[in-house]
Amino acid sequence: MYSEYEIKKQICEIGKRIYMNGFVAANDGNITVRIGENEIITTPTGVSKGFMTPDMLLNINLNGEVLKSSGDYKPSTEIKMHLRVYKERPDVKSVIHAHPPFGTSFAIVGIPLTKPIMPEAVISLGCVPIAEYGTPSTEELPDAVSKYLQNYDALLLENHGALTYGPDLISAYYKMESLEFYAKLTFISTLLGGPKELSDSQVEKLYEIRRKFGLKGRHPGDLCSTLGCSTNSSVSKKDDDISELVNVITKKVLEQLKYN
């Protein structure tokens, strides 16, 4: 069992990893860990995740009220999103919000991560849907996120970023890394002509492996097909548009390189 101070040190370490990996810029993002039935440790607003120290972190309750703070540090206005996760998912003990470039780009374009292209992503994440846009600091964002909480442990936030959560801080962080890697591979494989997707039977075998492992958390499983994961589903018009856009941009870049 970790002490409160050790948990705060761990949050600072994960904050550095998120910052160094380019998942956040400046003061973006926030990290929380639930340490009691009505107590949460959260990162402060206005402080870079790469330069935090344990004394900067705050203790708040499930209503967002500050229980303990050193100095003038305050919680982020986006804490409402974290609190909604804790209230509706009692199994969750940590939540991370960040802006990983590839994942966030998919969220901005409006393309969920639904292609089964590698076993690890299928087993750990399944599909990653996009929660509808909500104005930051309002209840719009928690309301949008709420729709997906019972079936997913990783979400893209429309025009905003990504949200991951799990039974502990490390699990929540690994999901953020996996989400970004999934998005990056999807983007690169699209540039190379389009990913070769796993078949429905291959995906089902991977779901069975996950069930045998008894991995903690929620997973879309069969719901994945409703988001378009099935390799038998036709490619959407939006995917066609994006592929065409990628081809045009690639052609222009190659032309520039040729004449420079």
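User: Which residues of H7 are buried?

Analyst: This is a predicted model, and in it the buried residues of helix H7 are Val 203, Leu 206, Tyr 207 and Arg 210. The general idea is that an α-helix has 3.6 residues a turn, so residues three or four places apart point the same way. In the present case, the buried residues of H7 fall within an arc of 105° when the helix is seen down its axis, so they line one face of it. The face turned away from that buried side carries Lys 205 and Lys 212, which are exposed, while the cover over the buried residues of H7 includes helix H4, residues 119-124.

User: How many residues does H7 have, and what distance does it reach from its first C-alpha to its last?

Analyst: Helix H7 runs over residues 200-213, which gives it 14 residues, and it reaches 20 Å from the first C-alpha to the last, close to the 20 Å expected at 1.5 Å a residue. Just after H7 comes Gly 214, with a positive phi of about 65°.

User: Which residues other than glycine take a positive phi, and where do they sit?

Analyst: Ala 26 has a phi near 50°, a positive value in a residue that is not glycine, and its place is the loop between H1 and E1. With a relative accessibility of 53%, Ala 26 counts as exposed. Asn 159 likewise has a positive phi, near 55°, and is found in the loop between E7 and strand E8, the latter covering residues 161-166. At 45% relative accessibility, Asn 159 counts as partly exposed.

User: Which residues touch the most other members in the largest nonpolar core?

Analyst: As a general idea, nonpolar side chains in soluble globular proteins tend to be buried together. Here the largest nonpolar core has 36 residues, and those touching the most other members are Ile 11, Ile 18, Ile 96, Leu 113, Val 128, Leu 156 and Leu 179. At least two residues of this core are supplied by each of helix H1 (4-20), strand E1 (30-36), strand E5 (94-98), helix H3 (101-109), strand E7 (154-157) and helix H6 (169-191). Helix H6 gives the largest share, seven residues. There is also a second, separate core of 22 residues, which includes Leu 83, Tyr 148, Leu 157 and Leu 163.

User: With which residues is Ile 96 in contact, once its neighbours within four places in sequence are left aside?

Analyst: With those neighbours left aside, the contacts of Ile 96 include Ile 14, Ile 18, Asn 30, Ile 31, His 82, Ala 162, Tyr 173 and Met 176.

User: Is Ala 162 buried or exposed?

Analyst: Ala 162, which is found in strand E8, counts as buried at 0% relative accessibility. Apart from its neighbours within four places in sequence, its contacts include Ile 96, His 97, Pro 100, Leu 156, Met 176 and Leu 179. Met 176 lies 14 residues from Ala 162 along the chain, and the C-alpha atoms of the two are separated by 7.7 Å.

User: What kind of aromatic pair do Tyr 173 and Tyr 174 form?

Analyst: The structure holds four aromatic pairs, and the one formed by Tyr 173 and Tyr 174 is tilted, with 6.1 Å from centre to centre and 45° between the planes. Tyr 173 is itself buried, with a relative accessible area of 2%.

User: Why can H2 be called largely enclosed by the rest of the structure?

Analyst: The reading rests on how many of its residues are buried, the cut-off being under 20% relative accessible area. Helix H2 spans residues 79-88, and because seven of its 10 residues are buried, it is largely enclosed by the rest of the structure. These buried residues are Ile 79, Met 81, His 82, Leu 83, Arg 84, Val 85 and Tyr 86.

User: What share of the residues in the protein chain is buried?

Analyst: Buried residues make up 44% of the 260 residues in the protein chain, whose secondary structure comes to eight helices and eight strands.

Terms used: Residues numbered from 1 in each chain as written. Predicted model: local features only at pLDDT ≥ 70, side-chain atom pairs only at ≥ 80, totals over all residues. Heavy atoms only, no water. Core = buried A, V, L, I, M, F, W, Y, C linked by side-chain atoms within 4.5 Å. Buried < 20%, exposed > 50% of the residue type's maximum accessible area, 1.4 Å probe, protein only. Helix = DSSP H or I, 4+ residues; strand = E, 2+ residues; numbered from the N terminus. Contact = heavy atoms within 4.5 Å. Phe/Tyr/Trp six-rings, centres within 6.5 Å; stacked < 30°, edge-to-face > 60°. Expected span 1.5 Å × (residues − 1). Arc of directions from axis to C-beta.
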